[in-house]
Amino acid sequence: QVQLVESGGGLVQPGGSLRLSCAASVSIFSINAMGWYRQAPGKQRELVAVFTSGSSTNIADSVKGRFTISRDNAKNTVYLQMSSLKPEDTAVYYCHAAKLGALRAYDYWGQGTRVTVSS
């Protein structure tokens with residue numbers, strides 16, 4: 001079982017920055033993939049940025065050059081640094097972790113943190 005606790009959301013003006021944090025209850029070395037998804041009102045949940053195997057990353061085209069994913073292994077924490085925020089970045093941001101078992105993958109989600117970009 002993996003518990004994920006997010007923090008760092010809030011209200012920010014267009015062009016501003018925020019940093020989201022996701023702390024895992026287990027060593028992130030035991031997690032196969034970990035990162036961030038978001039869900040805007042009336043839309044499906046979508047990938048934002050994730051670490052896949054090793055240190056590889058997968059980042060959505062819509063946020064490339066503006067968002068950066070990083071991690072602190074000692075703190076079992078993954079971060080999402082968001083810059084040059086746009087109103088269309090408004091969403092609930094969810095931390096996700098995936099662990100591979102013997103027969104299947106297990107998915108874990110945080111409770112979500114709301115990001116609102118508005119003047």
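In this predicted model, the charged end of Arg45 sits over the ring of Tyr94, 3.7 Å from the ring centre. Arg45 also lies over the face of Trp109, at 4.5 Å from that ring's centre. Tyr94 and Trp109 are themselves part of a cluster with Tyr37, linked by ring pairs. Around this sits an all-strand layout, with zero helices and 11 strands in the protein chain.

- How many aromatic pairs does the structure hold? There are two, and Trp109 turns up in the one with Tyr37 as well as in the one with Tyr94.
- Take Tyr37 and Trp109 to start: their ring centres are 5.2 Å apart and their planes meet at 70°, so this pair is edge-to-face.

**The disulfide**

- The count comes to one disulfide, and the partners are Cys22 and Cys95, with sulfur atoms 2.0 Å apart.
- The link of Cys22 and Cys95 is left-handed, with -80° about the S-S bond.
- Cys22 is in strand S3 and Cys95 in strand S9, so the bond ties together parts that are 73 residues apart in sequence.
- Both ends are tucked away: Cys22 counts as buried at 0% relative accessibility, and Cys95 counts as buried at 0% as well.

**The nonpolar core**

- The largest nonpolar core has 30 residues. Which of them touch the most other members? Those are Leu4, Met34, Trp36, Leu80, Met82 and Tyr93.
- Seven strands are listed as giving two or more residues to this core: S3 (18–24), S4 (33–39), S5 (46–51), S7 (67–72), S8 (77–82), S9 (91–100) and S11 (113–117).
- As background, nonpolar side chains tend to be buried together in soluble globular proteins.
- Leaving out residues up to four places away in sequence, Leu80 touches Leu18, Arg19, Leu20, Trp36, Val48, Ala49, Phe67, Thr68, Ile69 and Tyr93.
- Trp36 and Tyr93 are on that contact list, and they are also among the core members with the most touches to other members.

**Loops to look at**

- Asn76 is found in the loop between S7 and S8. Its phi is near 50°, a positive value in a residue other than glycine.
- Ser84 is found in the loop between S8 and S9.
- For context, most residues other than glycine have a negative phi.
- Ser84 counts as partly exposed, at 40% relative accessibility.
- Gln111 has its place in the loop between S10 and S11. Skipping residues up to four places away in sequence, Gln111 touches Leu4, Val5, Glu6 and Tyr94.
- Gln111 and Gly10 are 101 residues apart along the chain, and their C-alpha atoms are separated by 15 Å.

**The chain as a whole**

- Reading along the sequence, the pattern is β-β-β-β-β-β-β-β-β-β-β.
- The radius of gyration is 14 Å, close to the 14 Å that the globule rule gives for 119 residues, so the chain is as compact as a globular protein of that length.
- Along its principal axes, the C-alpha trace spans about 50 × 30 × 25 Å.
- Buried residues make up 41% of the 119 residues.
- Among contacts with a separation of 6 or more, residues 24 or more positions apart account for 54%.

Notes
Residues numbered from 1 in each chain as written. Predicted model: local features only at pLDDT ≥ 70, side-chain atom pairs only at ≥ 80, totals over all residues. Heavy atoms only, no water. Core = buried A, V, L, I, M, F, W, Y, C linked by side-chain atoms within 4.5 Å. Buried < 20%, exposed > 50% of the residue type's maximum accessible area, 1.4 Å probe, protein only. Helix = DSSP H or I, 4+ residues; strand = E, 2+ residues; numbered from the N terminus. Contact = heavy atoms within 4.5 Å. Disulfide = S-S within 2.5 Å. Phe/Tyr/Trp six-rings, centres within 6.5 Å; stacked < 30°, edge-to-face > 60°. Lys NZ or Arg CZ within 6 Å of the ring centre and 35° of its normal. Rg over C-alpha atoms; globule rule 2.2 N^0.38 Å.
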